[in-house]
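Reader: I would like to go through the terms used for this model and see what each one rests on. Please set the values against the cut-offs.

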Amino acid sequence: MASHIVGYPRMGPKRELKFALESFWDGKSSAEDLQKAAAELRSSIWKQMADADIKYIPSNTFSYYDQVLDTTAMLGAVPPRYGWNGGEIGFDVYFSMARGNASVPAMEMTKWFDTNYHYIVPELGPEVKFSYASHKAVTEYKEAKALGVDTVPVLVGPVSYLLLSKPAKGVEKSFSLLSLLNKILPIYQEVISELKGAGATWIQFDEPQLVMDLDSTKLKAFTDAYAELESTLSGLNVLIETYFADIPAETYKILTSLKGVTAYGFDLVRGTNTLDLVKSGFPKDKYLFAGVVDGRNIWANDLASSLKTLQELEGIVGRERYKLVVSTSCSLLHTAVDLINETKLDDEIKSWLAFAAQKVVEVNALAKALAGHKDEAFFSDNAMAQASRKSSPRVTNEAVQKAAAALKGSDHRRSTNVSARLDAQQKKLNLPILPTTTIGSFPQTVELRRVRREYKAKKISEEDYIKAIKEEIKKVVDLQEDLDIDVLVHGEPERNDMVEYFGEQLSGFAFTVNGWVQSYGSRCVKPPVIYGDVSRPKPMTVLRIALAIKDEVEDLEKAGINVIQIDEAALREGLPLRKSEQAFYLDWAVHSFRITNVGVQDTTQIHTHMCYSNFNDIIQSIIDMDTDVITIENSRSDEKLLSVFREGVKYGAGIGPGVYDIHSPRIPSTEEMAERINKMLAVLEKNILWVNPDCGLKTRKYNEVKPALKNMVEATKLIRSQLASAK
Ligand code: ZN
């Protein structure tokens, strides 16, 4: 039975890795404790796949932080500032690159294609001395083998690695990343030889860059790289795995003629055109890894439909059945771990869902069916669930559909332009120049978590719970007043998670207990499950979701609130990878956002916040959002954001590019933040600039937040006085 899994979530069904990592970082447990917890997770994942009869089981998809950072470690591509002196890279250097340390900031982190996963961006320049510095791929292969599981070791492919990198500081303009190919390939050769020596018969190279719009130089790099690796790879079966979108037709031609490659993995969920390309011609005697089980959603696969696709492909790959391998569309890293831990979802919704563990079973069921051993009962349960999800009265809401239909066709936006609104708001708010604010959340303390837990477990009354929350809000407000911050937030103590809290107030959403998906490092998010039309049955704290938010925004305004923040933290995340599909998405997303605040007065100031993104290519859409003030991640992407303003883009609304990185425990100095503000003032008018951290403070501790905000306010005051005396 030919079945394969591209990759698997690392965090564990109950986020075991997160807790092991954070305990280690806090100095509460040893490196050995962390390694032991990680080994247990790996072992249970391998055994689970072996029990599900998966033929090609991946290894080296586990990571203590990120697979791209693991590759950086493998290649010894440590930026010089981390003071690494060669040898095997240990936790200290590895986690310093990921998270920074007391004296050196972390490396840049950015979104992994169009997912919510974030990878650590390699910084490469002429001064990097590459060497084989982490044997993790080989160690993991051997570890699985010792447990009786023969795995397919997975490496980030050499060309994708370079294309995901950025040139080091100082060589941005002059340096060609692809020129490093001949420096990193010898290390890949060492790794491959060692894997062969350890008994590996297959190897998987993840080359997701192949789905992007690539020019001929980049395409040639793939041809060159695999030609160079060919002799080392001989004797191994080599799988090139792609995912997240269609393969462009030109790329498909080049890809399927790469030397030394025996198998190709395609995302056939998002890659409907790829399916046509395969049907129009696939090289004889090669393996086709058909990604028909969606690695990015939480829905049960439509098995009948997938089986039909597979049977069509069977005719193409030929009579050698085993050369058609049933697979996932991408790594299961991007979905939740195991439905078995969901105790609060009702049976109907549960029957519609499949998390990573269930997707493994689906892959095997499809492979068995393809081989003529169809599990009729499993397929028939699945067909029933598919039918019930389509017809259930819970998924449609007539009132919402009517309201959404009524919105079509008009361009909703506030009637006054942003500069007039800002004037009206300033008259009312009377803010100083360079107003300071924070993004919204303050640290979630142990005490706060305890109160919420006890309330959920009905150990304390609602009254006591509300009292505790109100006390926390008062503390947070007092702190901000002490720090002399200008626009205050309430700190969001009532929210376990930014999204979950709002979703709980809406119908058409369902919530999991353990449906966590890794976002970066030890951080996970628990996205709500949207299964139907969304409406708002009762006022919360006082398109479809946009309409519900619009009602809420107007209620908040009625309650006397002058500044309302509507987060679009993930707007860029949904951007399609291929350029041809981007304009339609952006138009839709921006329009949806504007609907949420089209009904407020000019004097009500609408803020929005956006997290990690490359904003430069969508700056026009950000302007079109027509928000009064935007706070935006900036410090950890090397202030790339500022470069668009340097290049002359005019931004007339208020803007707060973050002055410090909240994703690192490091506390930046007053001088450092003052310098950042000055850099911003060089490209942005002083009357539109806001001063704030990069993101919410929820994940930090008070002993980090207090001094950092104190320095931030101090830096702002310093600049204000400089501006005043310069007049
Ligand atoms: Zn953010």
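Reader: Are His609 and Cys695 buried or exposed?

Author: Both His609 and Cys695 are buried. Buried means under 20% relative accessible area, exposed over 50%, and partly exposed in between, with a 1.4 Å probe and protein chains only. The model is predicted, so local features need pLDDT of at least 70 and side-chain atom pairs count only at pLDDT 80 or more, while totals for chains, interfaces and linings use all residues. Residues are numbered from 1 along each chain as its sequence is written, and side-chain values use heavy atoms, with hydrogens and water left out.

Reader: What makes His609, Cys611 and Cys695 donors of the zinc ion?

Author: Donors are N, O and S atoms within 2.8 Å of the metal (3.2 Å for Na, K and Ca). NE2 of His609 and SG of both Cys611 and Cys695 lie 2.0 to 2.1 Å from the zinc ion, so they meet the definition. Water is not among the atoms, so sites may look incomplete. Along the chain, the donors follow the spacing H-x1-C-x83-C. His609 is in strand β17 (residues 605–610) and Cys695 in the loop between α24 (670–681) and α25 (702–726), so this pair ties together parts that are 86 residues apart in sequence. Helices (H or I, at least four residues) and strands (E, at least two) are DSSP runs, numbered from the N terminus.

Reader: How do you know that β17 pairs with β18?

Author: Two strands pair if DSSP finds at least two bridges between them. β17 and β18 (residues 629–632) have 4 bridges, in the parallel sense, so they count as paired. Thr631 in β18 is the bridge partner of His609.

Reader: Why is the pair of Phe113 and Phe244 called tilted?

Author: Rings of Phe, Tyr and Trp (its six-membered ring) pair if their centres lie within 6.5 Å; planes under 30 degrees apart count as stacked, over 60 as edge-to-face and the rest as tilted. Phe113 and Phe244 are 5.6 Å apart centre to centre with 50° between the planes, so they form a tilted pair. Phe113 is buried, and so is Phe244. Tyr252 and Phe266 also form a tilted pair, at 5.8 Å centre to centre and 40° between the planes.

Reader: What makes Arg99 a charge over the ring of Trp25?

Author: A charge sits over a ring if NZ of Lys or CZ of Arg is within 6 Å of the ring centre and within 35 degrees of the ring normal. The charged end of Arg99 is 3.8 Å from the centre of the Trp25 ring and sits over it. Arg15 lies over the face of Trp516, at 3.6 Å from the ring centre.
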